[in-house]
Amino acid sequence: MITPTTSSITLIDRMQHILARAGLRRSRFRIRPGLYALGDPNSNSQVFVTANYGLSFDTLRSALSNIDCYILVLDTKGINVWCAAGKGTFGTEELIRRIGEVKLKDHVTHDILILPQLGASGVAAHEIERRTGFKVEYGPVRANDILQYLQNHAATPNMRRVTFNFMDRLILIPVELTHVFLPTIILMALLYFLSGPIPALTVPLVVIAGLLVFPLLIPWIPTPNFSTKGFLLGSMVAVPLFLLALISFPPAIWWKKLGVALPYLLIVPSLVAFITLNYTGATPFTSKSGVKREIFAFFPIMFWMFLAGVFIGTLFRFIR
């Protein structure tokens, strides 16, 4: 069965986009896998392949305005093309299975499938051709370039380049903040009653630095990898907290004042660095092997700094 669709994005669609961007009902924003008819396609119409994540499908169909074509939607478990290709759900076997299931050869007379470039890592084009007779053609990185690409089925260098500009990074922030909003509130309240206002203030500052400031400033933080960028950004947050703790602590022996304030210099940078390390999977600035090296090199430092800060803070809470 072929399902008809349009390139129009309705108000309900846009509300779903907002919820998905904010991480709400994201896993439920799925399109039924299968073959879709956009406009009034015939046997010569182009066939585009995408994931069954709602945003991926809507982005593609809205970019194909006034184009009569077919859209073949793979079952990627509601995951976008790039991530699904890495996980294997936007992959060779699923594409072959879906071609046979929708009986694609009964609907088109040509042998070309247009796939998004970001799905290339999951698909073995030669296997697709050998087992189905369809040839794989990789379109541009961004759906907005498809119409220009279709003029001669050739991508310019800019169409092949993965960018991660300010707006791309800004879009990531809502979903990350949504995930930590409730834990942040709970931890703030707990620290306030147990240790006072300064420890409670530390929690939102760490979250803001790691999840909001960092993704916006990635290109301009002058270190070569995400962990050291996080350590630097976390230190900028930790120093004022350290000084505030020194000033706020009642007059006492200097080493006691230092013991109360020092945990901020250990805990805050390590937490911010850990949060920023998680962004390696959401950017084109890193490679898989580079991420592994960075984890093995810096995660132990984060762990021992955090553990030392907790130990010192706990110790001086009892002896002060």
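Let's start at Lys 103, which sits in the loop between α4 and β5. A word on those labels: helices (H or I, at least four residues) and strands (E, at least two) are DSSP runs, numbered from the N terminus. Before going on, note that this is a predicted model, where local features need pLDDT of at least 70, side-chain atom pairs count only at pLDDT 80 or more, and totals for chains, interfaces and linings use all residues. Residues are numbered from 1 along each chain as its sequence is written, and side-chain values use heavy atoms, with hydrogens and water left out.

Lys 103 is not a glycine, yet its phi is positive, about 55 degrees. Why mention that? Because most residues other than glycine have a negative phi. Lys 77 also has a positive phi, near 65 degrees, and is a residue other than glycine. Find Lys 77 in the loop between β4 and α3 (81–87). The cut-offs: buried means under 20% relative accessible area, exposed over 50%, and partly exposed in between, with a 1.4 Å probe and protein chains only.

Next, His 110. His 110 is in the loop between α4 and β5 (112–115). What does its side chain reach? The side chain of His 110 comes to 2.5 Å from the backbone oxygen of Ser 45. A polar atom of that His 110 side chain also lies 3.2 Å from the backbone nitrogen of Ile 112. Both are polar contacts. That term means a pair of N or O atoms within 3.5 Å; within protein, one must be able to donate a hydrogen and the other to accept it, and residues adjacent in sequence count only if both atoms are side-chain atoms.

Now look along the chain. His 110 and Ser 45 are 65 residues apart, and their C-alpha atoms are separated by 8.4 Å. Leaving aside neighbours within four places in sequence, His 110 is in contact (heavy atoms within 4.5 Å) with Ser 43, Asn 44, Ser 45, Gln 46, Val 47 and Phe 134.

On to a strand. Leu 72 is in β4 (residues 69–74). Leu 72 is buried, because its relative accessible area is 0%. Setting aside neighbours within four places in sequence, its contacts include Gly 34, Leu 35, Val 47, Leu 95 and Ile 99. Pro 140 is 68 residues from Leu 72 along the chain, and the two C-alpha atoms are separated by 17 Å.

Now helix pairs. First, α1 (residues 11–21) and α2 (residues 54–63). Their axes are 10 Å apart, at an angle of about 135 degrees. Axes are lines fitted to C-alpha atoms, for helices over the stretch in contact, and angles run from 0 to 180 degrees between N-to-C directions. So α1 is oblique to α2. Here is the scale: under 35 degrees counts as roughly parallel, over 145 as roughly antiparallel, 65 to 115 as roughly perpendicular, and the rest as oblique.

Who makes the contact? Asp 13, His 17, Ala 20 and Arg 21 come from α1, and Leu 55, Asp 58 and Arg 61 from α2. By class, that is two nonpolar, one polar and four charged residues. Ala, Val, Leu, Ile, Met, Phe, Trp, Tyr, Cys and Pro count as nonpolar, Asp, Glu, Lys and Arg as charged, and the others, Gly among them, as polar.

Zoom in on Asp 13, in α1. Asp 13 is buried, because its relative accessible area is 13%. Its side chain makes a polar contact of 3.0 Å with the side chain of Arg 61.

The axes come within 10 Å and cross at roughly 30 degrees. So α4 is roughly parallel to α5. On the α4 side, the contact includes Leu 95, Ile 96 and Ile 99; on the α5 side, Ile 128 and Arg 131 are among the residues. The classes here are four nonpolar, two polar and three charged.

Last stop: Asp 168, in α8 (residues 166–195). Asp 168 is buried, because its relative accessible area is 17%. What joins its side chain to that of Arg 142? A polar contact of 2.8 Å. Beyond neighbours within four places in sequence, Asp 168 is in contact with Arg 142 and Thr 163.
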